[in-house]
Amino acid sequence: MAGVRLIAIVKANVTTDASNPGQPVTTTSDYVLKRPAGSAGGINPLTTLVQAGVAAGMSNAQSRANVATQLGIAAGKIDDYQGDPPASDTLVQDTARWIAAFTSIALREGIPLAVADPSVAGSALDQMDNLIWADASNFYWRSLQAAARPAGSATTTVADARAGKIAGAVRPDFGAANSLYRSAYLTPGGWQMCGRNTPAITSTGGNPSRSLYCGTSSSVTLSQPSAVAGEAMAALVTRWQADPATNRINNDGTSTAALNGALGATTFPAGAEEAQRRGLTLTADILIDNTWTRGLAQARGTTLAAMVTNHPVASVNLTDGTTSAQTTISLGLGSGATKNMRVAFGPAPGAAQFYECDLDASGTVFAVPPNCAPTTAGTYTIETVNGASIMRFAGHPAVVSTSSYQVVYTEIDWGGGAGNQWVYRAHATKPDWQFRYARSMRLNTTAWSALKAQLGL
């Protein structure tokens, strides 16, 4: 038997996992786990990935080493990932156990596994990640441009390319070289802006692959490509609209009428593909999604301590809409999509009073009145994360569950004088699987090049 590869058939909703023997594996179809011939040990999703490398011509040892590199795990974890802490849907962690669970998605959904071979050079790629197109004078696009990977390198550097126009003016707008790159991530070295000219992303090859964004946000991704050659570009746009969870074309509410008119009857050429991607964020990211709009007016505080001092409960006047909006701090959505949760501080140290105010249908705070009403009393704490001060809140009412993050506040001194010190509203990624797992569509280089050519981008 030493020369025979091993297989195990997982029967839908019948087979049990050794790590959870009382619970059948949840899947709608049977699938097969594998292990290379001549290797001893258990059989699991990661050994199945190793076998995919062997089937592609690698030796068992080469495939194991390449899988470990590709997934960012120790080689021994391929057989013993269950030595990691138990996986819980309420706490995604960067462990081999979670990566194995994610890999099993490919097996359950029939997505081909692939092991990258670092000894073979990789080609440059340019994949469309997002397109918002109203007309030739008003558009935005984002693509991920992977540099050619030299032989011997396990990772590829990927540029986060963005461009667009507003009213015919070429963006970046307002003359700022990085105006399309407004996010900042809290990295191990502190706050980092990630722009076009920084190595925003590094990624391994294979399927699944592992990526690192802005030096701190780690994720694993599965890609399921399918051909779109011969399909009308307008038909693809319309088809993507039917699944808002994955759509990446005019996914901000912009009408597709003008876009489809510009695309006409043009079809995608040979080699054009779309890919549905499934991604799992492994890290507890803290980011400012837009440094241009998330900064608190400096008069309201340039440090967290000043923000607390400037927004005491005693100053909140609920009969005056303007005053109550100015003397409380926003914590994002409240109990519904048209509700805003807010907070004021004190009088005891660490005390917080929460309020809920009205938003209009578009999610904008009414100028007067916001109709604020007190809800519960709670607390706030300030902790240090990677050298940065982070304010978190507890004891507030439940908020809408669709949000993938918790609102926190932070202070940043960018250097260069008093005008460069700010308090920002930031987002801390929730740890739950439902918020860390996402699907999206992309176009490959051939499809994206053809679409750009048709639109004159």
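**Exercise 1. Work out whether Asp84 is buried or exposed, and find its contacts.**

Step 1: Look up the relative accessible area of Asp84, which is 11%. Buried means under 20% relative accessible area, exposed means over 50%, and partly exposed is in between (1.4 Å probe, protein chains only). So Asp84 is buried.

Step 2: Asp84 sits in the loop between α3 (77-80) and α4 (96-109). Helices (H or I, at least four residues) and strands (E, at least two) are DSSP runs, numbered from the N terminus.

Step 3: List the partners. Contact means heavy atoms within 4.5 Å. If you leave aside neighbours within four places in sequence, Asp84 is in contact with Lys77, Thr95, Ala96 and Arg97.

A word on ground rules: this is a predicted model, where local features need pLDDT of at least 70 and side-chain atom pairs count only at pLDDT 80 or more, while totals for chains, interfaces and linings use all residues. Residues are numbered from 1 along each chain as its sequence is written, and side-chain values use heavy atoms, with hydrogens and water left out.

**Exercise 2. Describe how α1 packs against α2 and against α4.**

Step 1: Know what to look for. Two packed helices are described by the angle between their axes and the distance between the axes. Axes are lines fitted to C-alpha atoms, for helices over the stretch in contact, and angles run from 0 to 180 degrees between N-to-C directions.

Step 2: Start with α2. Helix α1 (residues 45-55) packs on α2 (residues 60-71) at about 125°, and their axes are 8 Å apart. That makes the pair oblique: under 35 degrees is roughly parallel, over 145 roughly antiparallel, 65 to 115 roughly perpendicular, and the rest oblique.

Step 3: Name the residues that meet. From α1 come Leu46, Leu49, Val50, Gly53 and Val54, and from α2 come Asn60, Ser63, Arg64, Val67, Gln70 and Leu71. Sorted by class, this contact has 6 nonpolar, 4 polar and 1 charged residues. (Ala, Val, Leu, Ile, Met, Phe, Trp, Tyr, Cys and Pro count as nonpolar, Asp, Glu, Lys and Arg as charged, and the others, Gly among them, as polar.)

Step 4: Now do α4. The axes of α1 and α4 come within 8 Å and cross at roughly 60°. Pro45, Leu46 and Thr48 of α1 make this contact with Ala96, Ala100, Thr103, Ser104 and Leu107 of α4. The tally for α1 with α4 is 5 nonpolar, 3 polar and no charged residues.

**Exercise 3. Trace what surrounds Asp126 and Asn444.**

Step 1: Find its side-chain partner. Asp126 makes a polar contact with the side chain of Ser143, at 2.9 Å. (A polar contact is a pair of N or O atoms within 3.5 Å; within protein, one must be able to donate a hydrogen and the other to accept it, and residues adjacent in sequence count only if both atoms are side-chain atoms.)

Step 2: Jump along the chain. Among the contacts of Asp126 are Asn444, Trp448 and Lys452.

Step 3: Check Asn444. This residue lies in the loop between β23 (437-443) and α10 (445-455), and is buried at 17%. A polar atom of the Asn444 side chain is 2.9 Å from the backbone nitrogen of Ala447.
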